[in-house]
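Please read each answer alongside the display.

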Amino acid sequence: MVDKVYSSPDEALAGLTQDGMTVAVGGFGLCGIPERLIIALRDTGVGSITAVSNNAGVDDWGLGLLLETRQIRKMVSSYVGENDLFKQQFMSGELELEFNPQGTLAERLRAGGAGIPAFFTKTGVGTVIAENKEHREFDGETFLMERGIRADLALVKAWKGDAFGNLVYRKTARNFNPMVATCGETTVAEVEHLVGPGELDPDEIHTPGIFVDRIIQTESEKRIENRTTSG
Amino acid sequence: MALDRNQITARAARELRDGYYVNLGIGMPTLVANHVPEDMTVWLQSENGLLGMGAFPGEEEVDADLINAGKQTVTGVTGHSFFSSADSFGMIRGGHIDLAILGAMEVSQQGDIANWMIPGKLVKGMGGAMDLVAGVRKVIVTMEHCNRKGEPKIIPECTLPLTGLACIDMIITDLCVMEMDPERRRFRVTELAPGVTREEIEQKTTAELLFADQPAEITA
């Protein structure tokens, strides 16, 4: 059987990177990001990346690390408000930015992974994001066409996984990870707990192993962006 | 007398109905959660993948894997569920969310909204705002009637980049409540804050408005 288990994030990315590639990355803010794989991606030295990710991390964590080293040429995101480095590089023209409405981004990844090249949505009709996009009427309402996204490499974070690549996410750390997992030419998952064969309940698997090519177990820091308590 | 943020959101909470699925925007709209009547069940949706959002956690309960769309740590109420961003926006775009309450920089007289971008300033992105205004069944704006310079925010045409077209059903400001008349495509002022007159609203609004014959006084 093909062994999907790798021993380190660096090893898990070996042979998968090339300049100018598109990388899709799971996570919402710093929640559920593949933090060790992002560091390993930085360490490959790959450049001119198009990164598809809802957010851009913060200055010293998540995709912010790859902005620091100027390895990202373009971001496809819905919200990047938490990253000063991002703002600087965008304003200076160093970094290209494509804003997608969050639901459109999620659906583009889902569609790409499911072999759907394009779909129609009401979101964004009449706004700047509708410019130069095909419009069509269905049942008396106007919709615009959005394209599915396929990535050369997809990086995801899960709570538990097994050697077959089956993944289970935890709480709101699921977010974009299931769709990102489906849209990669190659998909690499980092998990907090790599469990034995048959230990995951088949009814509870969120991402079936068919979507995952490589898997590693990592220690996650799981930083909190906005710690808020009732106390 | 103008309403404060607490009073504006208390008035907005009167639009809630038992069993509603509701998405509250960041900022003033989050205060609506404080005014849900005790005998009513309202499911708060957080678009990062949580239905049944609860209060902020105690120190012991803080969980990095459980946050809301504002990236704050939260808890879930009994019966809450987690799901992917695609399912989350399936709820929003598929018309399954009953009500969204959000803030705005400008609203036009036909109900267009601008709330995500000021040209020349650093743009953070629209997040889920365009999906919410396009997909949710009823959209309410809570905001100050005028901007910080005292200029009207309810105007004939938005000057800022739009978030959505003809999608706002109701506006609740510190001065009044107005509801969209679906036939005439204009807002009708139905309630006034205590001591606020029709003349004051007309003076502070450049949008063409309709007025109810006897606007009620806003009671929160």
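Q: How many helices and strands does the secondary structure of chain B have?
A: This is a predicted model, in which local features need pLDDT of at least 70, side-chain atom pairs count only at pLDDT 80 or more, and totals for chains, interfaces and linings use all residues. Residues are numbered from 1 along each chain as its sequence is written, chains are lettered from A and ligands numbered from 1 in the order in which they are written, and side-chain values use heavy atoms, with hydrogens and water left out. Helices (H or I, at least four residues) and strands (E, at least two) are DSSP runs, numbered from the N terminus. On this basis, the secondary structure of chain B comes to four helices and 13 strands.

Q: What is the radius of gyration of chain B, and why does the chain count as compact?
A: The radius of gyration is taken over C-alpha atoms, and the globule rule is 2.2 Å times the number of residues to the power 0.38. For 220 residues this rule gives 17 Å, and chain B is close to that, so it is as compact as a globular protein of that length. The radius of gyration of chain B is 17 Å.

Q: What percentage of the residues of chain B count as buried?
A: Buried means under 20% relative accessible area, exposed over 50%, and partly exposed in between (1.4 Å probe, protein chains only). Among the 220 residues of chain B, the buried share is 57%.

Q: Which residues of H2(B) are buried?
A: Helix H2 of chain B covers residues 85–93 and is mostly covered, with seven of its nine residues buried. The cover includes helix H5 (102–113), strand S5 (118–121) and helix H6 (177–183) of chain A, together with strand S1 (21–24), strand S2 (43–46) and helix H3 (129–135) of chain B; contact here means heavy atoms within 4.5 Å. The buried residues are Ser85(B), Ala86(B), Ser88(B), Phe89(B), Met91(B), Ile92(B) and Arg93(B).

Q: Which residue just after H2(B) takes a positive phi?
A: The phi in question is about 75 degrees. The residue that takes it is Gly95(B).

Q: Is Ala166(B) buried or partly exposed?
A: Ala166(B) is found in the loop between strand S9 (154–155) and strand S10 (170–172) of chain B. Its phi is positive, about 40 degrees, although Ala166(B) is not a glycine. With a relative accessibility of 41%, Ala166(B) counts as partly exposed.

Q: What is the phi of Lys171(A)?
A: Lys171(A) lies in the loop between strand S9 (167–168) and H6 of chain A. Its relative accessibility is 27%, so Lys171(A) counts as partly exposed. Although Lys171(A) is not a glycine, its phi is positive, at about 50 degrees.

Q: How many disulfides does a search of the whole structure find?
A: A disulfide is counted as a pair of cysteine sulfur atoms within 2.5 Å. The sulfur of Cys31(A) is 19 Å from the closest cysteine sulfur, in Cys183(A), which is too far for a bond. Likewise, the sulfur of Cys176(B) is 10.0 Å from its closest cysteine sulfur, in Cys146(B), again too far for a bond. Over all chains, the number of disulfides found is zero.

Q: What is the relative accessible area of Cys176(B)?
A: Cys176(B) is buried. Its relative accessible area is 0%.

Q: What radius of gyration does chain A have?
A: Chain A contains six helices and 11 strands. A compact globule of 231 residues would have a radius of gyration near 17 Å, and the value for chain A agrees with this. The radius of gyration of chain A is 18 Å.
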